[in-house]
Every structure is written in structure tokens, then in C-alpha cells.
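User: I want to learn how to read a few features of a structure. Please take me through them.

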Amino acid sequence: MEIIMIRHFQTPGNVEKRYIGRTDEPLADLKGREQLIRERQDSCRDVEQVIISPMKRCIQTAACIFPDKTPVLCEKMRECDFGLFEMKRYEELKEIPAYQEWLDSNGTIPFPEGEDPKLFRQRCVEGFYECVDRLISEEVKKAAMVVHGGTIMAVLSCIDKEKREFYHWQLENGGGYRVELDEEAWRQGSRVSGEIEKL
């Protein structure tokens, strides 16, 4: 099975380099997106099913790339809740002790009034496993997932056979990875990917 994982296109908050998690922003109105849409459509030829986070930015991105597909929503693959950091930029946060403490932890401690990164990653991975189990049962050979950067990082750092860490998988908006999975090995309980390559 082949799964194409795509990070949604830019929102206004992404353009301004803000922490955008639970905020349900639509896409930014950016010129020049047509080329990126064509590139993603080329890499997603023959996709049988599209799975998305239920947030506007993913719904809209999927509609751009897959206008003829009805996507399947996966609630567990929505973005993290950044709590007090939500919608803020680095410049607005850098003097706040709680933010410095979070940076010093390499992003491992819970966001103040937000989500615990460990629980966020577990949630995303659970959602991915559930989707893959269903895709296998439906005999889907090629699927796409239009989700969030953090979601992709959480999933790939968990299933990567080389065990590369979370931040290795950072992506630009509209970027993606192609993931190969051995269906028979998956059925037998292996939760390790085959090849993973950047689009």
C-alpha cells in the first residue's frame, strides 16, 4: 500500500509564522498556488481514497488537490492545541518564562493550558493506525492524507524503520511524503513502514 501524506496549504497564521493549532483558520488567499496544486496532483495520481483532518485548512486543501473525491474525516488527526501559545509568534512569546521552559524541554512538556505533546502524538498515531486498518480491509492500494505538519511528524517518527526523531519530519506547507506499507506485515502486527520519500 502507498500513502501520500500532505501538509495543508498556508493559512494567514502560517504566513505570519504563528502557532496555529486549534484555531480553525481557512487557507490564505495566495497567488501562485496553482503550480503546487499541479505538483501534488501529479504525485497523487490513482489515489483511491482521501483522508483528512476535519479542520478547514485541510478540507480546503483536499478540495484543491482532489476536487473529484469525497474525503473521509479522521478526528484524531487534527492539529495540537497550543494553549497559551496559540496564534502567537516567537517574538510575542520569547520573553515569557513558560515559553522558554517549553523550548528548553525540546517541546516535550505540555503546552500551558493546552495539549500534552506526548498525548497529541499518541492520538495522531492511533488515528493513522485506524485509517490504515480500514484501508487494508477495503483493499485500497493508494490513499492520500491531507493533515497537519505536527500530525505527519508524529506518525512518521513512530512508524519509521530508521527511528528518525519527530523534528526530522518537518515540512513546508503543501509538502508531503510518500509512505510504503507492507499490508501482510501490518496485518501481523508490524507497525513499521517500508520506504518513506519526500515528494
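Analyst: Start with a definition: a disulfide is a pair of cysteine sulfur atoms within 2.5 Å. In general terms, it is a covalent bond between the sulfur atoms of two cysteines. This is a predicted model; local features need pLDDT of at least 70, side-chain atom pairs count only at pLDDT 80 or more, and totals for chains, interfaces and linings use all residues. Residues are numbered from 1 along each chain as its sequence is written, and side-chain values use heavy atoms, with hydrogens and water left out.

User: How many disulfides does the rule give here?

Analyst: The count is zero disulfides. Take Cys74: its closest cysteine sulfur is in Cys131, 3.8 Å away, which is too far for a bond. Cys158 is in no disulfide either; its nearest cysteine sulfur, in Cys124, is 11 Å away.

User: Is Cys74 buried or exposed? And what about Cys158?

Analyst: The terms rest on relative accessible area: buried is under 20%, exposed is over 50%, and partly exposed is in between (1.4 Å probe, protein chains only). Cys74 has 8%, so Cys74 is buried. Cys158 has 30%, so Cys158 is partly exposed.

User: Next, helices. Which residues of H2 are buried?

Analyst: First, how elements are assigned: helices (H or I, at least four residues) and strands (E, at least two) are DSSP runs, numbered from the N terminus. Helix H2 spans residues 33-43, and its buried residues are Arg33, Ile37 and Arg40. They cover an arc of only 65° around the axis, so they sit on the same side of H2. The arc is that of the directions from the helix axis to the C-beta atoms. The general idea is simple. An α-helix has 3.6 residues a turn, so residues three or four places apart point the same way.

User: What do the buried residues of H2 pack against?

Analyst: They pack against strand S1 (2-7), helix H3 (56-65) and strand S5 (176-180). Contact means heavy atoms within 4.5 Å.

User: How do I describe a pair of packed helices?

Analyst: Two packed helices are described by the angle between their axes and the distance between the axes. Axes are lines fitted to C-alpha atoms, for helices over the stretch in contact, and angles run from 0 to 180 degrees between N-to-C directions. Here, helix H6 (residues 117-137) packs with helix H7 (residues 149-159) at about 75°, with axes 9 Å apart. That makes H6 roughly perpendicular to H7. The classes are: under 35 degrees roughly parallel, over 145 roughly antiparallel, 65 to 115 roughly perpendicular, and the rest oblique.

User: Which residues make the contact?

Analyst: H6 contributes Phe120, Arg121, Cys124, Val125, Phe128 and Tyr129. H7 contributes Gly150, Thr151, Ala154, Val155, Cys158 and Ile159. By class, the contact has nine nonpolar, two polar and one charged residues. Ala, Val, Leu, Ile, Met, Phe, Trp, Tyr, Cys and Pro count as nonpolar, Asp, Glu, Lys and Arg as charged, and the others, Gly among them, as polar.
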